[in-house]
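Here are my notes for you on this structure. Have a look at it first, then read on.

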Amino acid sequence: MASVEIRNIRKNFGTVPVIHGVSIDIQDGEFVILVGPSGCGKSTLLRMIAGLESVSGGELRIGPKVVNDVPPKERDIAMVFQNYALYPHMTVADNMAFSLKLKKAPKAEIKSRVDRAAEILGLGKLLDRYPRQLSGGQRQRVAMGRAIVRDPQVFLFDEPLSNLDAKLRVAMRTEIKALHQRLKTTTIYVTHDQIEAMTMADKIVVMHDGVVEQVGAPLELYDRPANLFVAGFIGSPAMNFLKGHLQGGHFVTASGTTLPVANAPAASDGQPIIYGIRPEHFILDDSNGMPAEVAVVEPTGSETQVFAKFGGSDVVGVFRERVNAQPGQQIRVTPDPRLVHLFDEQTGKRL
């Protein structure tokens, strides 16, 4: 196992810069997830760590060693790809053992490592099957097993669950997290799915347009987003944003609706502000709430999502209670002032 230090890493494709001086510290044994929308640079950064992309500038360390110019096979890492990359003519056992055979490892060691990985991943009864005889989840476990047998310093995962159906993704999420808790190997995982990031990571790195927007524990990013981008990206459904300004310790929307604020910044009256409230932080309040005109109601069983017009803006609320309102009708809600986020409209930074 080893730490990974990324120091002012830059990447250009020709004359086009795509990674702009990224710095991240990943501790030994940590599970770190790089998350962000398509094109943010997360997969490119992972491929640079793996040695599959060259580094245009900065320094990359795995353990004490600078690996900028070290070939991938000498970095002591193992990578699990989105498409599994299994050899179709090889059995599960042979797929898992392939890297060890290339290294000419003793047969007894190969069998021992393959059997151990198969036991960890529940593949013991599948070792003689071929990839075509496996389900998507089983193929993903084989790809993970091939990485485990190498006993690397660092595991790299590049969107490994994106080809699976929703139910299987949830199950595999749990399996990967449990695998990390068992092996304690430093893990760097790339995904665009912020639910995966929230549920699996020790630390999340939110990327956007080739820069790091925020680094922190999942609930830290959820509770204290650094800026509008992180606030809108982390959380599902996304945070609601209303434009307006502060006046006398309250927030006034562009349409004139007054909303509660628990702690208004000092000397901020009249300052253009964006008021952020998460969907689950609306409270149904028939007596003191403000009117919201319902557009769509989406019951999911455990909760109800309501899309509505509130304070002159389109918002979504999530309620544990059953909401029986029809489109065009009004419900009365109030934002929980203790859980409101205020952002500077010009800079996007959290106040």
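Which strands each supply at least two residues of the lining of the largest cavity? They are strand 17 (304-310), strand 18 (313-319) and strand 19 (330-335).

1. Ground rules. You're looking at a predicted model: local features need pLDDT of at least 70, side-chain atom pairs count only at pLDDT 80 or more, and totals for chains, interfaces and linings use all residues. Residues are numbered from 1 along each chain as its sequence is written, and side-chain values use heavy atoms, with hydrogens and water left out.

2. The cavity. On a 1 Å grid over the protein atoms alone, a cavity is a set of points where a 1.4 Å probe fits but cannot get out, and lining residues have an atom within 4 Å of a point.

3. The pocket. A pocket, by contrast, is an open set of points with protein on both sides within 12 Å along at least five of seven lines. The largest one has about 430 Å³ of space and 18 lining residues, with Ala78, Met79, Phe81, Arg146 and Arg150 nearest its centre. Helix 2 (92-102) is among the elements that each supply at least two lining residues, along with strand 6 (77-80) and helix 4 (136-148). Helix 2 gives the most, with four. (Helices are DSSP runs of H or I, at least four residues; strands are runs of E, at least two.)

4. The cores. A nonpolar core joins buried (under 20% relative accessible area, 1.4 Å probe, protein chains only) Ala, Val, Leu, Ile, Met, Phe, Trp, Tyr and Cys residues through side-chain atoms within 4.5 Å. The largest has 48 residues, and Ile33 and Tyr189 are among those touching the most other members. Helix 3 (residues 107-121) brings the largest share, six residues. A second, separate core of 29 residues includes Ile6 and Leu156.

5. Five strands run in the order 13-12-11-14-20 with antiparallel pairing (two strands pair if DSSP finds at least two bridges between them). Strand 13 (258-259) and strand 20 (341-344) are the edges, each pairing on one side only. Strand 11 (residues 240-247) and strand 12 (residues 250-253) share four bridges, and Val252 in strand 12 is the bridge partner of His245.

Technical notes: Buried < 20%, exposed > 50% of the residue type's maximum accessible area, 1.4 Å probe, protein only. Points joined across faces, edges and corners; volume = space filled by probe spheres on them.
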